[in-house]
Amino acid sequence: MNRSRLSKPLLHLLKPQTPKSKSPVFLLSHHLCTNPGSNLKPNPNQPPQDDDSLITQVLQLLQPNEKDWNFDQLHNLLFSNSTSPSPRSLFHITCSLGASSKAIKFFDYVSENAGRSPPGSTALLSSAFQAVLEITLREPNSETKLYDLYKMAKERNVRLNFNAAALLVRSLGMAGMEDEALIVFNELPGLKNTHLCNVVIGMLLKMGRVDDALKVLDEMLHPEAKFRVDEFTCDIVIGSLLRRREQTGRSVSEEEIVDLVSKFGKQGVFPNSPLLTKLITVLCRNKKINRAWDVLHDVMKMGGAVDASPFNALLTALGRCSDFMRMSELMAKMEEMGIKPNVITFGILINCLCKSRRIDAALEVFEKMSGVVGVSAKPDVIIYNTLINGLCKVGRQEEGLRLMEKMRSQGGCAPNTVTYNCLIDGFNKVGDFERGRELFDKMKEEGIPLNVVTLNTLLDGLCRHGRLNTALEFFNEMQRDGLKGNAVTYTILITSFCNVNNISKALELFDQMLSTECSTDATVYHCLISGLSQAGRMEDASFVVSKLKEAGFSLDIVSYNVMINGFCSKNKLDKVHEMIEEMESAGVKPDSVTYNVLLSYLSKAGDFKNAHKVLSRMMNEGINPTVVTFGTLIHAHCLDGNTDKAMKIFRDMGSNAKIPPNTVIYNDLINSLCKKNDVEQALSLMDDMKDKGVRPNTATFNAMFKGLRENNLLEIAFQFMDRMVEQACNPDYITMEILTEWLSAAGETEKLSKFVQGYLVSVDRQKDGIIGYR
DNA sequence: CTAGGGTTAG
């Protein structure tokens with residue numbers, strides 16, 4: 001039925017070929033012409049065939065330069081008494097003129113002459129004007145001329161058709177002339193329709209004029225509006241408002257967007273699935289899960305069609321905050337609405353269960369997804385990898401390995417780099433390098449490409465087991481093979497070298513990282529700063545801080561704490577103040593660790609007055625003391641020799657602050673009490689630990705042994721030695737020093753040797769024999 | 001879906 005589309009090629013054939021019309025650009029631009037306003041009905045009195053011959057004849061006349069046009073002949077063809085061109089043919093003629101100057105001249109001619117033959121003249125002029133606009137727009141930098149053309153049309157009472165109006169509004173907007181675009185739009189009283197409003201709204205939103213756009217939208221949403229919103233309106237509005245959030249200009253709150261969605265919904269118009277999903281994702285990212293929940297449910301309640309993806313978005317967010325209750329509620333809702341979960345939905349559930357270490361539940365879901373009729377979604381490589389990783393993370397790497405075989409044989413799914421990375425990491429983490437290495441070789445054998453994660457996994461495994469030099473060699477080897485390290489690679493190596501106090505190697509690696517154009521991130525800087533601060537290398541740490549800032553990163557609260565602590569231990573109080581000031585101006589709020597560090601410094605120096613000031617400041621800031629805060633105070637009073645005060649704080653923390661003391665605190669007190677020769681109270685603390693379920697460690701026993709030795713309480717010492725054996729608490733060199741001296745002097749070397757071999761030493765328990773074997 | 005992270009009390 002679209003005659004004009006059919007007739008276009010025909011037109012080209014019929015037309016005399018001029019050099020210009022042969023150019024591909026011309027053909028293309030001709031093709032770009034829209035048809036004159038779709039509101040125009042074909043004139044039944046003028047069959048298109050006649051149109052085409054008319055067009056051909058007119059174009060022939062218009063071939064020469066404008067000034068050579070023969071107006072008499074033109075008039076004969078177009079406006080003689082018997083004939084009148086169709087709007088469509090005028091549009092084509094004007095469009096085919098190629099240059100805007102010609103088109104305007106022709107339009108001038110038509111507007112002067114068509115007026116004499118109403119009533120069709122309005123439509124005629126509209127079409128011709130539309131063609132003028134289109135021609136003009138094809139010429140470079142022509143946007144500014146548009147508004148002048150519009151004014152000209154207005155002076156001559158040329159009515160704009162829909163296409164011309166839309167084109168004008170959109171083009172003016174794109175040229176940054178939104179005001180002019182709005183004027184045009186507002187001066188089109190009888191011509192507005194949904195499409196045109198959509199164009200204007202889209203244009204305004206693109207230019208950041210949110211409120212103007214919403215005003216237009218408001219009119220459309222009015223109950224008595226002549227033209228309602230449609231799905232395009234919804235698309236344009238919600239889509240660009242969501243996109244706008246990352247741009248400058250008036251930001252629109254999610255609340256407003258949610259509100260608009262519900263207004264659209266009342267008109268029976270809903271955002272499409274990707275858009276709804278995006279909205280839900282944005283809401284969830286901004287911690288408004290409840291709003292996201294409501295939006296999804298509201299859309300369904302109002303009758304919008306919803307598929308799995310917005311559900312998936314919401315499920316992901318709920319999974320992140322481990323809200324399993326609402327996850328299953330949502331799954332139930334899906335079922336109720338007859339919406340089939342897809343692979344992604346299952347992936348989210350399985351991932352979620354794996355992350356909360358509920359692997360068996362995850363495996364159950366996995367069984368279900370292929371088993372139950374109607375919900376079958378074939379597990380893909382991601383599902384398998386998630387499960388394999390989950391198994392490895394809880395030490396079930398053997399099962400992970402079996403699942404990989406199953407995915408190959410039964411799942412028809414080939415393992416990939418990620419699959420192997422997960423398994424290698426799994427075996428490495430439990431110290432089974434052999435298997436890790438085997439998998440690595442197998443991976444190469446099967447031609448599965450290694451990536452930087454593979455490299456980092458292997459490096460991490462080596463480093464964790466103290467094989468730093470092997471790790472370095474391996475890294476160099478891989479680099480020679482063309483596999484580059486990234487920020488994670490350097491983080492692993494740098495932290496490992498810091499941990500063994502090989503600071504120069506750590507710094508060397510840092511230099512290497514900066515000199516290769518390797519990716520960096522804040523973490524690698526943070527780790528090095530931490531390592532250097534702990535090593536007391538504050539100048540180096542400060543240097544790395546400056547490098548971090550140069551790279552565009554900033555210090556976070558932990559790094560500030562690390563630095564403050566470092567400067568405290570070096571007694572550089574001015575630097576401590578400097579850091580605190582910098583931290584405040586950077587808007588990083590001190591946390592309990594910051595206060596603990598300061599508290600520790602002050603009270604260790606015996607400055608309890610200022611320590612208490614810091615403590616009350618901490619409370620005023622609404623930061624609750626932690627177990628470390630109490631530990632710090634207790635430690636300070638112990639150092640001060642004031643064990644009573646320390647014990648008072650200890651009792652206080654249990655009863656008032658309701659913070660259970662930990663091993664460190666017990667150790668401190670036991671140590672202090674024993675030094676004061678108050679073994680009785682120390683022993684009662686040992687009982688207290690047992691009651692409260694706080695596990696003593698080697699240091700606890702060491703402190704206790706010292707106190708017992710002073711009072712020669714051998715039998716009690718034997719009991720504690722048994723406790724150590726039972727609890728697999730290994731003696732260290734301090735334990736051995738104390739016991740060796742004491743027990744040899746007491747003639748009990750045999751017991752010591754039993755203890756060392758992991759046997760119980762108390763006489764009456766000896767019969768239990770093997771039970772005590774370590 | 002896979003790899004790395006640092007702080008305070010002993």
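The model is predicted, so local features need pLDDT of at least 70 and side-chain atom pairs count only at pLDDT 80 or more, while totals for chains, interfaces and linings use all residues. Residues are numbered from 1 along each chain as its sequence is written, and side-chain values use heavy atoms, with hydrogens and water left out.

**Helices α16 and α17**

Helix α16 (residues 273-285) packs against helix α17 (residues 289-301) at an angle of about 160 degrees, their axes being 7 Å apart; helices here are DSSP runs of H or I with at least four residues, numbered from the N terminus, and axes are lines fitted to C-alpha atoms over the stretch in contact, with angles running from 0 to 180 degrees between N-to-C directions. The two helices are therefore roughly antiparallel, a term used for angles over 145 degrees. On the α16 side, L276, L279, I280, L283 and C284 meet I289, R291, A292, V295, L296 and V299 of α17, where contact means heavy atoms within 4.5 Å. By class, this contact has 10 nonpolar residues, no polar ones and 1 charged residue; Ala, Val, Leu, Ile, Met, Phe, Trp, Tyr, Cys and Pro count as nonpolar, Asp, Glu, Lys and Arg as charged, and the others, Gly among them, as polar.

**Salt bridges**

With a salt bridge defined as a side-chain nitrogen of Lys or Arg within 4 Å of a carboxyl oxygen of Asp or Glu, the count comes to 38.

E255 is partly exposed at 34% relative accessibility, as is R291 at 26%; buried means under 20% relative accessible area, exposed over 50%, and partly exposed in between, with a 1.4 Å probe and protein chains only. Both residues belong to a network of salt bridges that links E254, E255, K288, R291 and D294.

D460 and R464 are 4 residues apart in helix α26 (residues 452-464), about one helical turn; D460 is buried at 15%, whereas R464 is exposed at 54%. In helix α39 (residues 679-692), K692 and D688 are likewise separated by about one helical turn, with K692 exposed at 52% and D688 buried at 18%.

**H526**

H526 is found in helix α30 (residues 522-534) and is buried, at 17% relative accessibility. Leaving aside neighbours within four places in sequence, H526 is in contact with L548, S554, L555, D556 and S559.

Technical notes: Chains lettered and ligands numbered in written order. Parallel < 35°, antiparallel > 145°, perpendicular 65-115°, else oblique.
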